[in-house]
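Here are my notes from going through the model you sent. Have it open while you read, and start with the helix packing.

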Amino acid sequence: MPPTRFEPSQIKNKHKREQILQKIRKVKTQAKLQKRLALAKAEANDPEAKKKRLAENVPRTLDNMREFDPSIMTADPSSSNQAEGSTSAEAIQNEQAADISTDPFASYFTTDDPSIPPKVLITTSFKASKTTYEFCDELVGIFPGAEFRRRKKGKGFEMGRIAGWAADRGYKHLMVVNEDMKKPNAITLVYLPNGPTAYFKLTSVELTQQIFGHARATPHYPELILNGFVTRLGHCVGRMFQTTFPPLPEFAGRQVVTLHNQRDFIFFRRHRYAFRSEEKVSLQEIGPRFTLKLRWIKKNIPAVYNLGESPAALTIEKDDEEDAPVEESENKEEASEEQPTRKKTIPPKQDEYLWQWKSELETTRRTFFL
């Protein structure tokens with residue numbers, strides 16, 4: 001197109017100015033299209049050129065520009081090209097293996113029967129609403145060994161006491177769904193019997209009935225996909241979620257549970273996959289879907305600050321040992337031998353934080369913790 005006599009911004013007539021601008025835009029669009037077609041034709045004859053272009057033109061995102069964290073479970077990228085990089089990587093791998101073998105979740109991987117699902121007790125906060133109960137029903141359908149119990153209100157039903165009660169009865173997890181404004185807004189996950197305890201903010205909740213074209217869930221044990229947990233903290237969170245599912249999935253059900261971590265937001269999805277051909281696989285979402293964000297992790301089960309203890313029995317000291325009744329002491333020893341002592345899980349009186357989110361920790365937008 002020949003250049004115009006005046007710039008479009010200098011043309012006073014509105015309609016004429018719009019016509020000139022449309023012609024200029026059309027010429028630019030056609031030039032871009034011809035460039036893309038020529039590039040595609042050249043790359044079709046030379047696949048190596050396309051690979052080179054894709055390798056050079058990597059978009060800059062917050063994910064691939066994140067600040068390096070020493071807790072990332074990979075070798076330092078600055079030492080990867082040096083001779084000492086292999087030795088440091090081996091040392092890090094050995095340290096990671098030692099941490100995994102001694103963490104609180106190590107007993108989950110040494111179970112005798114991997115087909116038995118871990119027992120999960122699901123409950124709510126005090127005076128929960130209908131929406132929270134519906135979300136708990138969805139959670140019961142997700143975890144194979146889950147069981148829901150309504151939480152009573154009053155003294156004696158603190159979270160720490162409930163965790164101790166569940167641990168004494170063989171439960172491996174306690175999941176408490178909190179609500180605000182009659183909507184679920186948080187999940188507290190407790191690993192029994194000795195912790196840790198993790199607290200997640202809950203957002204973007206969509207139940208199964210709200211998902212268009214959703215599939216129906218089956219009672220098969222699902223497969224589990226953990227993606228994006230690269231730091232030590234993220235690895236701990238991922239293993240904690242891993243212990244809520246049975247170690248051996250049932251592949252006949254073709255159900256997959258995905259926990260995808262991106263920028264410290266954990267996206268939960270559940271799908272069923274179907275093989276359309278030898279090369280194509282389709283997914284159908286089952287639901288529900290929600291998003292979690294870690295706020296803190298505590299070392300033990302939740303503490304009970306007003307945990308009362310019975311006072312010590314009144315004792316009277318005597319100088320003469322002969323005055324002590326021997327028969328009564330013998331009877332007490334026989335009674336104690338007859339009654340087996342049942343070990344109870346007692347919650348701590350004070351919480352100990354392993355990690356807690358604070359606004360001062362996020363120095364830049366490229367700082368992530370999981």
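1. A word on terms before the packing angle: axes are lines fitted to C-alpha atoms, for helices over the stretch in contact, and angles run from 0 to 180 degrees between N-to-C directions. Keep in mind, too, that this is a predicted model.

2. With that in hand, look at helix H1 (residues 14-45) and helix H2 (residues 47-56): they pack at an angle of about 120 degrees, and their axes are 5 Å apart. That makes H1 oblique to H2, because angles of 65 to 115 degrees count as roughly perpendicular and only those over 145 as roughly antiparallel.

3. Who makes that contact? On the H1 side you'll find Leu39, Glu43 and Asn45, and on the H2 side Pro47, Ala49, Lys50 and Arg53. By type, the contact of H1 with H2 has three nonpolar residues, one polar and three charged.

4. Zooming out, the protein chain has seven helices and eleven strands. Of its 370 residues, 34% count as buried. Among contacts with a separation of 6 or more, 70% are between residues 24 or more positions apart. The chain exposes about 25100 Å², with carbon and sulfur atoms supplying 52% of that.

5. The largest nonpolar core has 36 residues, and Leu139, Phe200, Val237, Ile266 and Leu294 have the most contacts inside it. Another core, of eleven residues, lies apart from it and includes Ala163, Ala166, Ala167 and Leu174.

6. Phe200 is worth a click: leaving out residues up to four places away in sequence, its contacts include Ile187, Leu189, Phe241 and Leu292, along with Val237, Ile266 and Leu294. Asn185 and Lys293 also touch Phe200.

Terms used
Residues are numbered from 1 along each chain as its sequence is written. This is a predicted model: local features need pLDDT of at least 70, side-chain atom pairs count only at pLDDT 80 or more; totals for chains, interfaces and linings use all residues. Side-chain values use heavy atoms; hydrogens and water are left out. Helices (H or I, at least four residues) and strands (E, at least two) are DSSP runs, numbered from the N terminus. Buried means under 20% relative accessible area, exposed over 50%, partly exposed in between (1.4 Å probe, protein chains only). Contact means heavy atoms within 4.5 Å. Accessible areas come from the Shrake-Rupley method with a 1.4 Å probe; for residues, only the protein chains shown count as cover. A nonpolar core is a set of buried Ala, Val, Leu, Ile, Met, Phe, Trp, Tyr and Cys residues joined through side-chain atoms within 4.5 Å. Angles under 35 degrees count as roughly parallel, over 145 as roughly antiparallel, 65 to 115 as roughly perpendicular and the rest as oblique. Ala, Val, Leu, Ile, Met, Phe, Trp, Tyr, Cys and Pro count as nonpolar, Asp, Glu, Lys and Arg as charged, and the others, Gly among them, as polar.
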